[in-house]
Amino acid sequence: MRSKPISRSLTLADAVEIQRRRAKGEAQHVLAAEYGVNPARIAEVLTGKRFPEAKTIADQQTSQS
């Protein structure tokens, strides 16, 4: 019997941080490895398919800094 792969669920806070880090130039595969998810999950966050509000929040946080 195959065991289920263990994959971490991303949160909105993770998605905001992913947006911020990617905007600073970090590679998607590095982000995926650090968050323990498939690179496709990172791509979904970055394109807004998952957590579409994350980019707006990240942009607001960046402009307030």
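Contact here means heavy atoms within 4.5 Å. The model is predicted, so that local features need pLDDT of at least 70 and side-chain atom pairs count only at pLDDT 80 or more, while totals for chains, interfaces and linings use all residues. Residues are numbered from 1 along each chain as its sequence is written, and side-chain values use heavy atoms, with hydrogens and water left out.

**Figure 1. Overview of the chain, with its four helices and zero strands.** From the N terminus on, the elements run α-α-α-α. Helices (H or I, at least four residues) and strands (E, at least two) are DSSP runs, numbered from the N terminus. Of the 65 residues of the chain, 25% count as buried; buried means under 20% relative accessible area, exposed over 50%, and partly exposed in between (1.4 Å probe, protein chains only). Among contacts between residues at least 6 apart in sequence, 62% join residues at least 24 apart.

**Figure 2. The largest nonpolar core, twelve residues in all.** A nonpolar core is a set of buried Ala, Val, Leu, Ile, Met, Phe, Trp, Tyr and Cys residues joined through side-chain atoms within 4.5 Å. The members are Leu10, Ala15, Val16, Ile18, Leu31, Ala32, Tyr35, Val37, Ile42, Val45, Ala54 and Ala58. Two or more of these residues come from each of helix H1 (12–23), helix H2 (28–35), helix H3 (39–47) and helix H4 (54–64). Leucine 10, one of the core residues, touches Ile18, Tyr35, Val37, Arg41, Val45 and Phe51, not counting residues up to four places away in sequence.

**Figure 3. Helices H1 and H2 in a right-handed crossing.** Two packed helices are described by the angle between their axes and the distance between the axes. Axes are lines fitted to C-alpha atoms, for helices over the stretch in contact, and angles run from 0 to 180 degrees between N-to-C directions. H1 and H2 pack at an angle of about 150 degrees, with their axes 10 Å apart. The two helices H1 and H2 are therefore roughly antiparallel to each other. Angles under 35 degrees count as roughly parallel, over 145 as roughly antiparallel, 65 to 115 as roughly perpendicular and the rest as oblique. A crossing is right-handed if the near helix is turned clockwise from the far one by less than a right angle, and left-handed if anticlockwise. Asp14, Glu17, Ile18, Arg21 and Arg22 of H1 make the contact with Gln28, Leu31, Glu34 and Tyr35 of H2. By class, the residues of this contact of H1 with H2 are three nonpolar, one polar and five charged. For these classes, Ala, Val, Leu, Ile, Met, Phe, Trp, Tyr, Cys and Pro count as nonpolar, Asp, Glu, Lys and Arg as charged, and the others, Gly among them, as polar.

**Figure 4. Helices H2 and H3, whose axes come within 8 Å.** The axes of H2 and H3 cross at roughly 115 degrees, which makes H2 roughly perpendicular to H3. The crossing in which H2 passes H3 is right-handed. Gln28, Leu31 and Ala32 of H2 meet Pro39, Ile42, Ala43 and Leu46 of H3. The residues of this contact of H2 with H3 comprise six nonpolar, one polar and no charged.

**Figure 5. Helices H1 and H4, with axes 8 Å apart.** The packing angle of H1 and H4 is about 60 degrees, and their crossing is right-handed. In H1, Leu12, Ala15, Val16, Gln19 and Arg20 meet Ala54, Lys55, Ile57, Ala58, Gln61 and Thr62 of H4. The contact of H1 with H4 has six nonpolar, three polar and two charged residues.

**Figure 6. Aspartate 14 in helix H1 and phenylalanine 51 in the loop between H3 and H4.** Aspartate 14 counts as buried at 11% relative accessibility. Not counting residues up to four places away in sequence, aspartate 14 touches Arg8, Ser9 and Tyr35. Phenylalanine 51 counts as partly exposed, at 22% relative accessibility. Phi of phenylalanine 51 is near 50 degrees, a positive value in a residue other than glycine. Aspartate 14 and phenylalanine 51 are 37 residues apart in sequence and 9.7 Å apart in space, C-alpha to C-alpha.

**Figure 7. Glutamate 44 in helix H3.** Glutamate 44 is buried, with a relative accessible area of 18%. Leaving aside neighbours within four places in sequence, glutamate 44 is in contact with Lys49 and Arg50.
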